[in-house]
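Subject: Structure for you to look at

Hello,

I am passing on the structure we talked about. My notes on helix packing and on a pocket follow it.

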Amino acid sequence: MDIKAIGKKYVDYVVEMRRWFHKYPELSNQEFETQKKIIEELEKMGIEYEKVAGTGVLATIKGKSPGKTVLLRSDMDALEVTEALDVEFKSQNEGVMHACGHDNHMSMLLGAAQILKDIKDELKGEVKLIFQPAEEVAQGALRVLEETDLANTCDAVFGMHVWGELPSGMINIEAGPRMAAAGVFDIKVKGVSGHGSTPHACKDALVCAAAIVMNLQTIVSRMSNPMNPLVVTTGTFNSGTRFNIIAGDAHLTGTTRCYDDDLMQMTEDAILRIAKDTADAYGMEVEVSHQVLTKTTKNDPKVTEIAKAAAVKLYGEESLMDFPKATASEDFSFFQDKIPGVFAFLGTYDESIDAIYSNHHQRYTMDEKNLERGMNLFAQFTYDYLNEA
């Protein structure tokens, strides 16, 4: 099956789609017009679909003969970023931009849908295409899984992300942990305020909170294996109202990152314990919580090999490039927690067109030639998994 030859028919189409999505970005759980556009395109193709997770879309392409089921995933939401690019398809929604590249993901998956529709009589099994909302707030994947039976009916899941730190056109597909699990913690310290000249009559929440910040550092330095990466970052510290008033309250928030779900659980337990014990030592009360936003994005070895072989079949060994795992996070990990899967990176860094900015930057962009690569990889992986795996 010559996926590249079939894909040539849809090169202009994916560019057109990418520019439409880029021009009309929408924030998490607000992807109403995006959903309408995706449905409009699926209806033109004659592909059955259903609405899921509020603003998401789940499409189905059935092969001629029975077999396995593969799930292809694209995210949909944009970011609260004011675009600095001067292009004809610049964002028309003030303060909102597809700075992470989800416009590319949607267009590539729609292009793959075109290819797979064309070859459906050659497929053994079924293809599910999920256009998932709310990735940026780590809510969409879980909601999709809660509202559908995908976890029980799909044999493999494949996702992809355009990546501003990888050279343009290069593809990274590696087994094992690829993106970090992410957590967020919230700590509120309750003391007793008073005059700065009489600290003995007060309970200084600021000092207690400062001690908590320092004690949290021992989770990384003394409680975890140094060979297993872990980040515990206190990002905000709010306390006090005036130079001569003892603070009665303090509020801390922060994030945790690692590549091991067991380590994440240990970190959560340690944060709760340290915050409570430190507050108790200072004679104060504390409210503390830790929420796991995403699990580790961890590629299944067998599915990874199929995806790598698909990339080589399309673009040769020279298209593959090793790349360090990222400390950024993805709620695609929730799909992988239920379904064997692989998450690939498609490079966009290109000095010749000033595509030198990382994802989430106000000038993030890419060479639209890469859309064809992503579209074909979605389709080739699907064909190979259903017909050859």
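In this predicted model, Tyr-13, Val-14, Met-17, Arg-18, Phe-21 and His-22 of helix α2 touch Asp-103, Asn-104, Met-106, Ser-107, Leu-110, Gly-111 and Gln-114 of helix α4; contact means heavy atoms within 4.5 Å. By class, six residues of this α2–α4 contact are nonpolar, five polar and two charged (Ala, Val, Leu, Ile, Met, Phe, Trp, Tyr, Cys and Pro count as nonpolar, Asp, Glu, Lys and Arg as charged, and the others, Gly among them, as polar). The axes of α2 and α4 (residues 102–118) come within 8 Å and cross at roughly 145°. Axes are lines fitted to C-alpha atoms, for helices over the stretch in contact, with angles from 0 to 180 degrees between N-to-C directions. Helices (H or I, at least four residues) and strands (E, at least two) are DSSP runs, numbered from the N terminus.

Residues are numbered from 1 along each chain as its sequence is written. Local features need pLDDT of at least 70, side-chain atom pairs count only at pLDDT 80 or more, and totals for chains, interfaces and linings use all residues, while side-chain values use heavy atoms, with hydrogens and water left out.

Helix α2 (residues 11–23) also packs on α3 (residues 32–45), with axes that come within 11 Å and cross at roughly 160°. That makes the two roughly antiparallel (angles over 145 degrees; under 35 counts as roughly parallel, 65 to 115 as roughly perpendicular and the rest as oblique). Tyr-13, Met-17, Trp-20 and Phe-21 of α2 meet Glu-33, Thr-34, Lys-37, Ile-38, Glu-41 and Met-45 of α3.

The axes of α3 and α4 come within 11 Å and cross at roughly 15°, which means that α3 runs roughly parallel to α4. Thr-34, Ile-38, Glu-41, Leu-42 and Met-45 of α3 make this contact with Met-106, Leu-110, Ala-113, Gln-114 and Lys-117 of α4. Its residues divide into six nonpolar, two polar and two charged.

Now the pocket. A pocket here is an open set of points on a 1 Å grid over the protein atoms alone, where a 1.4 Å probe fits, with protein on both sides within 12 Å along at least five of seven lines; lining residues have an atom within 4 Å of a point. The largest pocket is lined by 20 residues, with Glu-135, Glu-136, Ala-328, Ser-329 and His-360 nearest its centre. Strand β5 gives the largest share of that lining, three residues. Eight of the lining residues are nonpolar, six polar and six charged.

Regards
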